[in-house]
Amino acid sequence: MEAINDVHVSEPGLVVVDVAAADDETAFAFHTALAARWATTSVERTTRDAGQPGVRLRCYLDLRQPINASCQMPTPH
């Protein structure tokens with residue numbers, strides 16, 4: 001993955017989230033759960049590191065947004 005840019009963590013409450021998951025579905029489900037609670041960047045694809053298991057995904061979120069207390073985590077299928 002590319003280096004974290006200073007602007008992504010320039011203020012308290014800004015977070016860079018690197019996800020390692022077994023597959024795309026799991027990585028995107030985790031991102032969806034984050035996006036349901038905080039402002040996040042959109043993600044369209046995962047990456048694979050040669051010789052490493054699973055997939056990787058990076059997103060950026062803003063914890064300064066108030067958490068929606070009524071938000072429920074999705075039920076697994």
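The buried residues of helix H1 pack against strands E1, E2 and E3. This is a predicted model, in which local features need pLDDT of at least 70 and side-chain atom pairs pLDDT 80 or more, while totals for chains, interfaces and linings use all residues. Residues are numbered from 1 along each chain as its sequence is written, and side-chain values use heavy atoms, without hydrogens and water.

On terms: helices (H or I, at least four residues) and strands (E, at least two) are DSSP runs numbered from the N terminus. Buried means under 20% relative accessible area, exposed over 50%, partly exposed in between, with a 1.4 Å probe and protein chains only. Contact means heavy atoms within 4.5 Å.

In H1, the buried residues are Ala-27, His-31, Ala-33 and Leu-34. Seen down the H1 axis, they fall within an arc of 160° (taken from the directions from the axis to the C-beta atoms), so they line one face of the helix.

Now the strands, which pair if DSSP finds at least two bridges between them. E1 and E3 run antiparallel, joined by eight bridges, and Val-17 stands opposite Cys-59 in E3. E2, residues 39-40, is also antiparallel to E3, with two bridges; there Thr-40 stands opposite Leu-61. Which residues does Leu-34 touch, leaving out those up to four places away in sequence? Val-17, Thr-40, Cys-59 and Leu-61.

Last, E3 itself: seven of its eight residues are buried.
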